[in-house]
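Dear colleague,

Please find below the structure that I am handing over to you, followed by an account of what was found in it.

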Amino acid sequence: MKCKCTLCLIFIALFLSCKEDPKPKLQESPISKSPILTLSEANMLAELPLTCLEVEYPNKLGQTLNDSTHLRSPKSLHPAFFGCFDWHSSVHGHWSLVSLLKQFPDLGKAGVIREKLTESLSQENIAQEMAYFEMTGNISFERTYGWAWVLKLSEELHTWDDPMAKELEYNLEPLTRFIVASYESFLPKLIYPIRVGEHSNTAFGLSLAWDYAVAVNDVLLMKSIKDAVDRFYTNDKGCPMEWEPSGYDFLSPCLEEINLVRKVYAKEAFKKWLDTFMPQLKDPDFWLEPGKVADRTDGKLVHLDGLNFSRAWCLYGIAETLPEYEHLKNIANTHINYSLPKIVDDNYEGTHWLGTFALYSLNKTK
């Protein structure tokens, strides 16, 4: 999967076209530019999922085989979400296209994107995706990372006033309902949260699920998530941020937990909790170095580019909720600017998914 020179040039332009953050210089932390998502960069980001949505191989199925009937091609198993190396990356690739088209109706390939989305998210394809989830042995398939991205995709469609979006939301609804029911069934059984920096991180999955529940006013799902947050995180203190990152992280266990709690708790309750959980964040001189990637051809090591984007969206969220944490935006900018120019290269290990993380973080800069 080779990149095109023009794509790289556009991303260089994105990096150079950032606006200066007007904040005064922080001690031992250089002022970083604030990224801006424009139409030209949106066109660039759209190319990443468009390039891989129909790339069936290489593919990591992540399935449990109960008998020989499960030995089928990715496209036959997952007619909606077979591309982009793995199921969840295909799901959030679809989310990226919806988000970009929703924000920029004049995208250069708007017609192609609409055609691809309509083809992928047909009623027939979603019915077959449902059949896969209902096969014996698949109860934990994509739990909870892929689940969360299904709900994020559904939320994006639900909040878009567009006839195609309404049709696709309707088509996706059976899978959406299945995921919601799966969350409500699974969460009471999860005695301990999963505090890793990869797919199974509980806080990240609940964060996207919460956004969906709020968007559609699903009171029962919100209660399930709120109960889980109370059980898992209310009494947490002194998160060891100095232990991060681990070598394969694309999520920050500390910051993802903060990002979830800030959404679920009232502002004053969150502020009090944060003072105990990570008091160092309040210091205007607090600083985090971006995660460094030594080899972008390694599918695990390139996770750290994703970490930089996910840290950024968490830091933006904290500053948005609590204005006294405004200084965290400079750290977020630095993290995005470190990885943004590097996500378009020859390495499918990163290009099949990093566009989504870049977009999600850029959406939070507004």
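Lys329 is partly exposed, at 27% relative accessibility; in this message buried means under 20% relative accessible area, exposed over 50%, and partly exposed in between, with a 1.4 Å probe and protein chains only. Its salt-bridge partner is Glu326, with the closest N and O atoms 3.4 Å apart, and Glu326 is partly exposed as well, with a relative accessible area of 29%.

Please note the basis of these values. The model is predicted, so local features need pLDDT of at least 70 and side-chain atom pairs count only at pLDDT 80 or more, whereas totals for chains, interfaces and linings use all residues. Residues are numbered from 1 along each chain as its sequence is written, and side-chain values use heavy atoms, with hydrogens and water left out.

Confidence
The protein chain has a mean pLDDT of 92 (the predictor's confidence in each residue, from 0 to 100), and 92% of its residues reach 70 or more. Residues 1–27 have a pLDDT below 50, yet beyond near neighbours in sequence this stretch has 54 contacts in the model (heavy atoms within 4.5 Å).

Salt bridges
The whole structure holds 18 salt bridges, each being a side-chain nitrogen of Lys or Arg within 4 Å of a carboxyl oxygen of Asp or Glu. One of them pairs Asp162 with Arg114, where the closest N and O atoms are 2.8 Å apart. Asp162 lies in the loop between helix H7 (145–158) and helix H8 (163–186), and Arg114 belongs to helix H5 (residues 110–120), so this pair ties together parts 48 residues apart in sequence. Helices here are DSSP runs of H or I with at least four residues, and strands are runs of E with at least two, numbered from the N terminus. Asp162 is buried at 10% relative accessible area, while Arg114 is partly exposed at 29%. In another salt bridge, Lys292 meets Glu289 with the closest N and O atoms 3.8 Å apart; Lys292 is partly exposed at 47% relative accessibility. Lys152, Glu155, Asp211 and Lys263 are linked in a salt-bridge network.

Helix H8
Asp162 also caps the N-terminal end of H8, with a side-chain oxygen 2.9 Å from the backbone nitrogen of Met164 (a polar contact is a pair of N or O atoms within 3.5 Å; within protein, one must be able to donate a hydrogen and the other to accept it, and residues adjacent in sequence count only if both atoms are side-chain atoms). H8 has 24 residues and reaches 34 Å from its first C-alpha to its last, close to the 34 Å expected at 1.5 Å a residue (1.5 Å times one less than the number of residues). At Glu173, shortly before Pro174, H8 has a kink of about 50 degrees, taken as the angle between axes fitted to the seven residues ending there and the seven starting there.

Backbone features in loops
Tyr57 and Pro58 are joined by a cis peptide bond with omega about 0 degrees, and Pro58 is in the loop between helix H2 (39–52) and helix H3 (74–77). The bond from Arg143 to Thr144 is also cis, with omega near -5 degrees; Thr144 sits in the loop between helix H6 (123–133) and H7. In the loop between H3 and helix H4 (87–103) lies Cys84, a non-glycine residue with a positive phi near 60 degrees. Cys84 is buried, at 0% relative accessible area. Phe85, in the loop between H3 and H4, has a positive phi near 80 degrees and is partly exposed at 24% relative accessibility.

With kind regards
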